[in-house]
Each structure stands twice: as structure tokens, then as C-alpha cells.
Amino acid sequence: MTTEQDQSTTEDRPSEASSFTSDRPIASGDGRSADYPVEQSDSSMNSSGKGSGPYIDDIAPRRTRDFGDLTRAGLSLLMAAVVMVFAVYLGGMTRGVESDAHTAATAINWLADFPSTVLTQLATIVIVVIVLAQLLIAREWLQAAVSALAMFAGYGVVAAISILISGLHDYTLALALVSAATSFGSVLLPSIYGGMAAFLTAAGPRRTRSTVKWGWNILYATAAVMVVLSWHSVTGMLVSMAAGRAMGMLIRFLIGTQNKGVWGDELVATLHSIGLDTASLIRHQELDDGKGKSLAATLDDDLTEGSRIYDLETTDNRRFIVSVIDAQTHTAGYLKQLWDWARFTSVSIRRDRSVRDAVQHHFAMLLGLHSINLPAPIVYGIADTDESAILVLDAHTIEMPANLNTLTKADAVAYMRYLSVANRRGYTHRRITPDTLARLEDGTAVIAGWLNGDNASASANTALDKVQLLTLFAALIGVEPTIEAARETWGDATLTSLVPFIQKVAVPSPTRALDTWDKQLLTALRSRINAMADEDVVESTEPATLARFSWRSMLTMLLVIVAVVVVFTQLNPEEIITALSNASPLMAVVTLLFGVCGWIGSSISLGSLIDRDKRDNTGVFMSQVAGGFATVSMPAGVGPSFVNLQFLRKSGYRNTQATAIMSAALVVYYAVYFSMLVLIGLFTGRSTFSGSIPTNTLVIVLGAVVVVISVAMMIPPLRHLVTRRLVPLAKTYINQLLDVLSQPRQLTISCLGALFQNVTTGLAFWSALQAFGHTSNPIETTFVFMLAYALGSAVPTPGGLGGVEAALTFAFVAVGVPQGVALSATLLHRVVFYWLRIPLGAAAMKWLDKHNLV
């Protein structure tokens, strides 16, 4: 067995970056967009770019969309919502703040003699004039027009909110917002803050224009004075300003802001400040659009996201790669870091708030790799301006992408050895994806893209690095060769310690997007590694907690919230307690036992369709119990089907196979259900509800569906979409469904399970009637129950709530059961088959989640 040894000699280490010897050719610039013409500082320049001045192939885009604007718009809306909640539920606090402000207003009481409109109009005129003057002098016509339109939009949104709040039947919120200078209706909120906030936001950002900065200061001062003099309320001012701010941010994002990054001649001057005299500077990325959005990350600058890349040739014939990141384009990367920070737990995540921090950290990481003799791009230096940060790399040390289709076990060993050296010195990558697999010119394997990495890393980050590389190679070359390479490089002890971290959340999305990725790959990896460890160690190993939350936990939380809402809005404790107190205890217990038998029947029906090697009988039963919990928040039949589908996926079935088995179970259940209705109706002669079957309605619905499908198929794009994408999926699904239904033995057992489930559910209502002293024929009772339950479940409420109760009560009253008895029996039955299943289903869901079965 090979263990992970300390590679202290140069023979065991990957080749050093100094092994680069060949020149990297400068791009010609032919790939640039037609919207970006060549900009030359001297027309007398020769073709080689060495004339009286530098040759520059670059021009700044007019406008850039900043995703930070969307974030700030969302935060503004959140602030408005929080302020209104405080105004309604914490009115004493807001009134206290206003009272304190009024007490401190003695120094400006003389302003109270002026009409409030004089101050607001004066502030509005000053703000608009100084900002528009600066924009027009700078010939920023579009920005001026957009700012004016944003001001009108700000006024409009404030008026709309005022009308909406004033129209509410509950005047609590309106009374909290109204003030001496406002009134109910369209002027409930002071419009100056909404209009000016939208205007200044669209004209900004404030860091780029001095008049916008002064405009905000004037607006803040005006707000303080108006609140202190009791003309405007604190809550009204804040809500109006937040609404205007949000509107301005949305408009600013849609239109874009003027790009203030360093481009062209300014970039040349910045490079000169760090000792690089430019002979030629050529942008060699093609732009996606006119907004300055660059192509995806490349190895030219070590996979820096959102960067502009230039080929630089200096006057002394040196060649470099210049990577420029603008502050406006860095926001998206920072938001992603924040998302990872919020999503992961027990794992440290970098958060580079500014573009300067990001570039300086990248610079430090590359220098650190060189210090431990790992090959990486050689950094010449960094520079930054107010809106851009620049990283300069030696063009001779740029890596090349690896061919993912030709990788072998030997390549896996080389990449794992590279990562091992970095990890042992505390360096972790944090995001190993297919793009990070690179090679030097001589073929040496290197891992690129260290900008999101870190040093002095904890063991959890080191383990995640290894898991990411392990899963990547498992997808590329297979599980067995990857395990062999890992054992050779890291050793069995290190490999088995990774099992708790082999989780989907640890694998980056680009790896999961590979064509060779299989959802069962992680399970195969864990099983193969566990086979090398002792049984006691495997049983005591639990998955590490990596995700702070997941879609599964969010969905579970949503179901719980809906269930709680349903319980507290629809539950009538008095009626249920009265019904249960008058019921026979023995027959109530019998009703409960029939309810348990219903779970057993559905377990048999589903379990018989699952392959023996994938069937967990306890898990199947618990999934049926959990289906009762999902019913609380979904229409009848939808909840159990959803749980069954998730359970089948976790049991090892692909999506189409799991859907086919779940659908087959539904087909069996409803086929048995309606067969029982027909047979019992024929043999008992019961036709009480024959007129209730909506035959004409069903025909009309089917006809409408056919017409819609026919018209849709007449439209070529829709027809092509259906024939090329949907039809193959439907064929696959139908073939698998027919394959499941074509197994006589399994199908027979499934039908018997569905029969047992339906019979015991019907007999449960018969026993509920018996609990209140009403004797009836169990077969006829089952028939009436099944028909009424089918009609009541058609109501699109959680579990058919309301519709089932009404249908059952009406149905049994119609066949001669006293109304009080019918209602009491219905309530008892629903307690067993609906309300009691909420806590039991929640416990079953927790059990399934703990055993990774849902």
C-alpha cells in the first residue's frame, strides 16, 4: 500500500514554472467586435507596432451593467418592508424616535415659519439643476434623459404605493405613514424623497460625479429638517426614499452606467507606472455585446473571471499578459463568494469585497505557489486605479488547457501529486473544475485558477480540494482508475478520511455538467472507498455537515410552513373534540388500525415494483407514512407521489425510471380503485351518485385539450420542439412504464397491495360509523365512501381539505345516515387519515432524511 510521503526532492515535484522557454505569439486583434475600432495614438506607426508611439487596439464601451445595482434595489425594497413592519408592530419605537428628534429641534424652530413646500421645492430645484448641469456639460445626453425619466418614475411609484396603502381596509399602516404635510390618497408618502432618490440613483453612482454626492447630502439634510419640524414622519420618509432608490437602481441596471475603468491610453500610462513601456497593447478577447462584457475565464490570466485580457509587448521586446478587472464587473464574483459563504458551514470561504483585494490576493497566491516550487504563471506585478485593478503576467509562463478526452491514470497521479504538495503547505484551491486542469508546454500537469484559493487552510478545505479532484477524475476516466491513482498518491488512510466529504454540495457545478457525470458516481466512490476500510470505521462514519441549507431542506421548510398554516386556519378543535369524545373507544382504535393497514397496502403496492436489490422494506413503509405529511401541503394524491419519486431516486433509479415506477404505482392504484367502484356498484345495485359523474364536462375538457394540441402542432417552432425534445422523452418514459407493467408477478402483487389499501380505507369509515352507533353494510359503505372521496379529492386544496369533508357528509346523509353521525364519522376518519398523519409523517420524513432516502 502506497502512502502519502513528503515530496522533498525536485524529482517528486511537478516541473517548476522556470521550465518555460518558448515565446507566446501576440494575438492579431482580428477577433474584436465591429463596435470596437482600432485606436492608435500615432498614425505614423509601422506595422510592427514600433513607431513614435505605442500601438493600442482597445476602446472603452459606453455603458456597463453592474449586478450590484440589482442587489441594492433588493436591499432597498427590503428596507421599505422592514420600516413598514416596524411602523405597524413597533409604533411606540418610531414615535419615540420622532419625539427625540422634535426635542432636539430647538435650534431650527425658526424654520417652522416657512411653508413646508418652500423647503422641499428649493431642495428639489437645487439638486436637479446641479446634477443635470454637470451631465449636460459633459455631453452625457443619455444619462441626463434617463435621470429625468427616473425622477418621474420615482414620483409615480411613490404615488402608487400611497394609493395602495390608503385603499387598505386596515388603516394602521396608513396612520403610521401620514404626517402634517401629507394626507390620505396619492400624497400619503412625501414624494420628494422617492423622486429625488430615483433621480440621483440613475444619475450616479455618487463616487463618479461630485454633484450626485452633493445632491444626496442635500436630500439627507432636507429629510432631517422635515422630520424634526414634524412635517414628515420618519416611516413615511424612509419608505418613500427606499422605493425611489429601488426604482432608480432598476433603471440604472437596465440602461447601464458609464464605464469608469482604465482603458487604452490610461491603461498604457498605468503600466508605465510599474516600469512597463508599451510598444503594443492588443485586446485579444472578442466581446459578447456592446456593454463591455468579456468572454469566459481563460488560462491566459489563470482563469480570472470577468477580466479583460491584453497582449503587451514592451519597447525592450518583452511580452506580458495584462489582466484588468473593473470594479463594476467584480460585483457578480463577490456575490457568488457571499452565496458560498452563506451556503457552506464548517468551511472557510474567501470574500474579496473590492477588486483591489481580489487582485492582490491572486498575486499573493501565485507567489506562494512559486515559493513551494510548484509551477504557476510568473507575476511581473500589479497596479490599480480607482475603478480597475491590473495583474501583469509573464507571457512565456502561461499554461495550456489539458485535453480531457485523453487523460489517463498517470495524469491523475500527476495532478493529485501537484495538489498534495500545495495542500501540505496549507494552500487550497477551493474550486477545482475541468477548466483548471492545465499543462505546461512540456506536458507537465498543473492545476490553474488559484484566485479563489487561500493559504493556512483548515483540514476541511484540504479535504474538499481532494474530493473535487477525485470526483472530477472519476467522471473523466472512471471510478476504478481514479481510486488506484489516489491510493498511489495519497494513500489509503487519506482516501478513507475523505468519505464524509464526498457529497454533491462539495462538487462544483462545471464538474456535474460533464457529459460523463453520473448521479450515482458519488455513491460508487463512497462504496469503493468504504470497501478498503474496516466495517466498524465505515459504520461510525457520518457525512460531514457542509451545507448550511439545501433545496431539500428549503422544500421541507416550505412544506412545514404550509402545513402549519393549513392546521391553524382549517382545524376546528371544538368539533373534533366533541366528535372524538362521543365515539366508541374500541371502534376508534379499529379505525386507527385500518389506517395503519392502508400504509401497509400502499407499501406492498409500491415495493413490489422496485427491484429486489434496491428495495428497503422499512424505507418503503416510511415513505408511505411520510406521504401523509406531504399531503397536508399539496392536493390529494400529489404529495405521496412526490415523496415516492424522491424515494425512488435516492434508491438508485434515474429520473425516467423513477418516474415510470411512480406512475405505474399510480396506474395500479387508480385502476383497482375504479374497478372496485364498478364491481361493487354492479353487484349491490347502488346508483345513488350516477348522475354526479360529469360525463359532459369530461368530454368538453378532452375536446378542448385536443383543439389546443392541434393548433399548437400547426405552428412549426412548437411542432419541432415537441418532435425533437418532448417526443423522445415521452417514448423513453412510456417504454419504461410498459416495461414495469409487463411483469405479471410484480404487477399482481402490486394490485393486491392496492386492493388491500382501498378496502381497509373504506372499512375505516365503516368502523367510524360503528363508533357512533350506526350499523351499515360494510360493502355498500365502502362503495359510497370511495365515490364520495373521489369527488371530494378533486378540490385543489391540500389533501382535498374541505371538499372531502363536505362530500363524505353529504354522501352518507343522502343514503340515510343521520347528519350528526355522518359529520362525526367524517371528522373521526379525517383525524386518523389526515390530521394524525401530520406528526407521524413529519417523523417519517426526518427518518428518511437521516438515512438519505428522500
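Which residue stands opposite alanine 445 in E12? In this structure, which is a predicted model, the residue facing alanine 445 of E12 is arginine 439.

**Strands and their partners**

Strands of a sheet pair through backbone hydrogen bonds, and the pairing is either parallel or antiparallel. Strand E11, which covers residues 437–439, is joined to E12 by 3 bridges, and these two strands run antiparallel. They belong to an open sheet of 3 strands, arranged in the order E10-E11-E12 with antiparallel pairing. Strand E10 (400–401) and strand E12 (445–447) stand at the edges of this sheet and have a single partner strand each, so one side of each is left without a neighbour in the sheet.

Is strand E5 largely enclosed by the rest of the structure or left open, and why? Of the 6 residues of E5 (residues 278–283), 6 are buried, so the strand is largely enclosed by the rest of the structure.

**Aromatic rings**

The structure holds 12 aromatic pairs. One of them is formed by tryptophan 599 and phenylalanine 621, whose geometry is edge-to-face, with 6.4 Å from centre to centre and 90° between the planes. Because tryptophan 599 lies in helix H21 (residues 585–607) and phenylalanine 621 lies in helix H22 (residues 617–631), this pair ties together parts that are 22 residues apart in sequence. Tryptophan 599 is buried, with a relative accessible area of 10%, whereas phenylalanine 621, with a relative accessible area of 28%, is partly exposed.

The rings of tyrosine 670 and phenylalanine 674 have their centres 6.5 Å apart and their planes at 25°, and because planes under 30 degrees apart count as stacked, this pair is stacked. Both residues lie in helix H24 (residues 655–684), where they are 4 residues apart, about one turn of the helix. Tyrosine 670 counts as partly exposed at 38% relative accessibility, and phenylalanine 674 also counts as partly exposed, at 46%. These two residues, together with Tyr669 and Tyr673, form one aromatic cluster.

**Arginines over rings**

Rings can also be described by the charges that sit over them, as in the case of arginine 283, whose charged end sits over the ring of tyrosine 310 at 5.9 Å from its centre. Arginine 308 lies over the face of tryptophan 263, at 3.5 Å from the ring centre.

**Helices that pack together**

Two packed helices are described by the angle between their axes and the distance between the axes. The table gives these values for two pairs that involve helix H14 (residues 479–489).

| Helix pair | Angle between axes | Distance between axes |
|---|---|---|
| H12 (residues 409–424) and H14 (residues 479–489) | about 45° | 9 Å |
| H14 and H17 (residues 521–530) | roughly 45° | within 11 Å |

With an angle of about 45°, H12 is oblique to H14, and H12 passes H14 in a right-handed crossing. At roughly 45°, H14 is likewise oblique to H17, and the crossing of H14 and H17 is right-handed.

How values were computed. Residues numbered from 1 in each chain as written. Predicted model: local features only at pLDDT ≥ 70, side-chain atom pairs only at ≥ 80, totals over all residues. Heavy atoms only, no water. Buried < 20%, exposed > 50% of the residue type's maximum accessible area, 1.4 Å probe, protein only. Phe/Tyr/Trp six-rings, centres within 6.5 Å; stacked < 30°, edge-to-face > 60°. Lys NZ or Arg CZ within 6 Å of the ring centre and 35° of its normal. Axes fitted to C-alpha atoms, helices over the stretch in contact; angles between N-to-C directions. Parallel < 35°, antiparallel > 145°, perpendicular 65-115°, else oblique. Left-handed = near helix turned anticlockwise from the far one by under 90°. Pairing = 2+ DSSP bridges.
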